[in-house]
Amino acid sequence: MPLELAARSGLIEPSATMAMGAEAKRLKSLGLEILDFSLGEPDFDTPANVLEAAIKALSSGKTHYTHPAGIAELRQAVADHYTRHHGVTTDMSQVVISNGAKHSIHNALMAVCGPGDEVIIPAPYWVSYADLVKLTGATPVVIATTEASGFKLSPKQFLEAVTARTRLLMINSPSNPTGVVYERSELEALADAVLQTDVGVLSDEIYEQLTYGDARPTCFATLRPGLKDRTITVSGVSKSYAMTGWRIGWTVAQAPVSKFMGDLQSQETSNPCSISQWAALEAITGPQDSVVAMRAQFARRRDHVLERITKLPGVTCTPPGGAFYAFLNVSDHFGRKLGERCVLDSTSFCMAALSSAKVALVMGSAFGAEGYARMSFAADLATIDKGFDSLERFLAS
Ligand SMILES: Cc1ncc(COP(=O)(O)O)c(C=O)c1O
């Protein structure tokens, strides 16, 4: 008899962004030139000072188990960051270091959600949110936002979605996939609505250092007194320091929530990689010039991408204020034949773009928003230009 999978196995699907990236890589391995805008990671190298810190950690024997919640030095540095930069007095006991922000979100959801609970997720949302909620036995309650509202959840929408079972609201600003950055006043209004309820908040602020123009990141927990007691803030080094492979993320939460998350981690993974933790410590406490340089590059690319989108037939985009994604409205092309394929939805649009234009995008449906395709501009300007040239020909076909 083959081993039967648990019922839980039916709850999740493989990450669509990873799946598109893998397909693009497969085509590349066949010798095809694929212009890959599917992946959510900076195309820059991890900064040299971070690499040196990792080498030093290796050669000085920092290669053993650490405290399950992370080394004290890194937890303290994260706490200091929130105390100094965001003005929210934070103790090291509130910080848990995990194997990437994705793992932080998983642990946070495990800490506060379970069967029968509901979690409000505004769409478009980052691909993993709904599946991570389902793994806890809770139910994701997806609330659609529109381009007209700047893809932002309003306090009214939030309050209407709250039931006696609602445990959490998940917010993400700057957002993946839209790049939308909520104004501080908009988050304050949302915070006031949250405070009318018993609902907690998971605020995913992983792109906090990547904002452009007038857009400014806001740490949700700081907005109103009392909010920090019911907010779990998530962030990490993956995006800001080009450290996706090092797998270091963190949460800041009330001490009892953090204590549980640390205990959970001690049973799940023991601790995040010791060497990566020392590297992350250097990333956040060392010189910050690499972040400044990356942000400047992303800002240049963002402007260029927006300019090129204006010339793409039948495509519009809400300008991203942060992260490194443009969320293209491609719905005008539905019902058309593009290349060899009849395009009916965002999946067939992206498959047609991949097979005919050799451009890899991710379908909006993966983010809970049909009608769109996400383009990551974590690619150099020459590749971006080639991609747009090819898309222009493809859409005019
Ligand atoms: C919004 C958002 N949150 C969390 C993560 C996970 O980050 P990490 O690579 O640190 O697990 C990502 C990665 O794409 C993301 O886009």
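This is a predicted model: local features need pLDDT of at least 70, side-chain atom pairs count only at pLDDT 80 or more; totals for chains, interfaces and linings use all residues.
Which helix is included in what covers the buried residues of α2? Residues are numbered from 1 along each chain as its sequence is written.

**View 1. Helix α2 and its cover.** Helices are DSSP runs of H or I with at least four residues, strands are E runs of at least two, and both are numbered from the N terminus. The cover of the buried residues of α2 includes α9, with contact meaning C-beta atoms, placed from the backbone, within 7 Å. Buried in α2 are V50, A53, A54 and A57. They fall within an arc of 100° seen down the axis, so they line one face of the helix; the arc is that of the directions from the helix axis to the C-beta atoms. A48 and S59 are exposed on the face turned away. Buried means 20 or more other C-beta atoms within 10 Å of the residue's own, exposed 12 or fewer, with C-beta atoms placed from the backbone. G61, which follows α2, has a positive phi near 80°.

View 2. L74, R75, V78, A79, Y82 and H86 are buried. Their arc is only 140° around the axis, which puts them on the same side of α3. A72, R84 and H85 are exposed on the other side. The cover of the buried residues includes β2 (95-98), β8 (249-252) and α9 (274-285).

**View 3. The ligand shell.** Of the 13 residues around the ligand, G100, A101, K102, N176 and S238 come nearest. A residue counts as near if its C-beta atom, placed from the backbone, lies within 6 Å.

Note on methods: Two residues are in contact if their C-beta atoms, placed from the backbone, lie within 7 Å.
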